[in-house]
Amino acid sequence: NNLCARVQALVADAFGLPPEQIPADLAFGDIPEWDSLGHMEVILRLEEQFGAEVSTDTIAELTDIQAICEYLKGKE
């Protein structure tokens with residue numbers, strides 16, 4: 001899925017990692033970079049790149065790449 005590939009690239013960029021190190025099933029806490037600070041960086045970039053405003057409640061739900069993809073699909 002193209003959207004999920006964009007999310008993976010965004011997450012890789014947020015953490016300063018090569019995209020091939022970001023599997024489609026990556027989740028919060030799977031890698032040291034994806035801690036609470038890293039999570040906020042991902043959310044900020046999502047808002048910038050996809051123009052999606054992410055509510056505080058939603059931030060807590062978007063803890064893996066699949067959840068982020070599903071969320072963005074609902075916004076398209």
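**Contacts, rings and salt bridges in a predicted model**

Leaving aside residues up to four places away in sequence, His-39 touches Phe-28, Trp-34, Ile-59, Leu-62 and Thr-63, where contact means heavy atoms within 4.5 Å. The model is predicted, with local features needing pLDDT of at least 70 and side-chain atom pairs counting only at pLDDT 80 or more, whereas totals for chains, interfaces and linings use all residues. Residues are numbered from 1 along each chain as its sequence is written, and side-chain values use heavy atoms, with hydrogens and water left out.

His-39 is found in helix 2; helices (H or I, at least four residues) and strands (E, at least two) are DSSP runs, numbered from the N terminus. The relative accessibility of His-39 is 6%, so this residue counts as buried. The term buried denotes under 20% relative accessible area, exposed over 50%, and partly exposed the range in between, for a 1.4 Å probe and protein chains only.

Rings of Phe, Tyr and Trp (its six-membered ring) pair if their centres lie within 6.5 Å; planes under 30 degrees apart count as stacked, over 60 as edge-to-face and the rest as tilted. By this rule the count comes to two aromatic pairs. In one of them, Phe-15 and Trp-34 are tilted, with 5.8 Å from centre to centre and 50° between the planes. This pair links distant parts of the chain, since Phe-15 belongs to helix 1 (residues 2-15) and Trp-34 to the loop between helix 1 and helix 2 (36-50), 19 residues apart. Both Phe-15 and Trp-34 are buried. Phe-28 and Trp-34 form an edge-to-face pair, because their ring centres are 6.5 Å apart and their planes stand at 70°. The burial states of these two partners can be set side by side: Trp-34 has a relative accessible area of 1% and is therefore buried, while Phe-28, at 36% relative accessibility, counts as partly exposed. Together, Phe-15, Phe-28 and Trp-34 form one aromatic cluster.

Trp-34 is also touched by Ala-27, as are Thr-63 and Asp-64, again not counting residues up to four places away in sequence. Ala-27 lies in the loop between helix 1 and helix 2. Its C-alpha atom is separated by 9.2 Å from that of Ala-67, a residue 40 places away along the chain.

The next topic is the packing of two helices. The axes of helix 1 and helix 4 come within 9 Å and cross at roughly 125°; axes are lines fitted to C-alpha atoms, for helices over the stretch in contact, and angles run from 0 to 180 degrees between N-to-C directions. Helix 1 and helix 4 are therefore oblique to each other, given that angles under 35 degrees count as roughly parallel, over 145 as roughly antiparallel, 65 to 115 as roughly perpendicular and the rest as oblique. The crossing of helix 1 and helix 4 is right-handed, a crossing being left-handed if the near helix is turned anticlockwise from the far one by less than a right angle, and right-handed if clockwise. Helix 1 contributes Leu-3, Cys-4, Val-7, Gln-8 and Val-11 to the contact, and helix 4 contributes Ile-65, Gln-66, Ile-68, Cys-69, Leu-72 and Lys-73. Gln-8, in helix 1, has 18% relative accessibility and so counts as buried. Beyond residues up to four places away in sequence, Gln-8 touches Ile-22, Pro-23, Ala-24 and Ile-65.

Charged side chains complete the description. The structure holds three salt bridges, each defined by a side-chain nitrogen of Lys or Arg within 4 Å of a carboxyl oxygen of Asp or Glu. Arg-45 pairs with Asp-13, the closest N and O atoms being 2.7 Å apart. As Arg-45 lies in helix 2 and Asp-13 in helix 1, the pair ties together parts that are 32 residues apart in sequence. Arg-45 also forms a salt bridge with Glu-41, at 2.6 Å from N to O. Glu-41 and Arg-45 are four residues apart in helix 2, so about one helical turn separates them.

Lys-73 counts as partly exposed because its relative accessibility is 34%.
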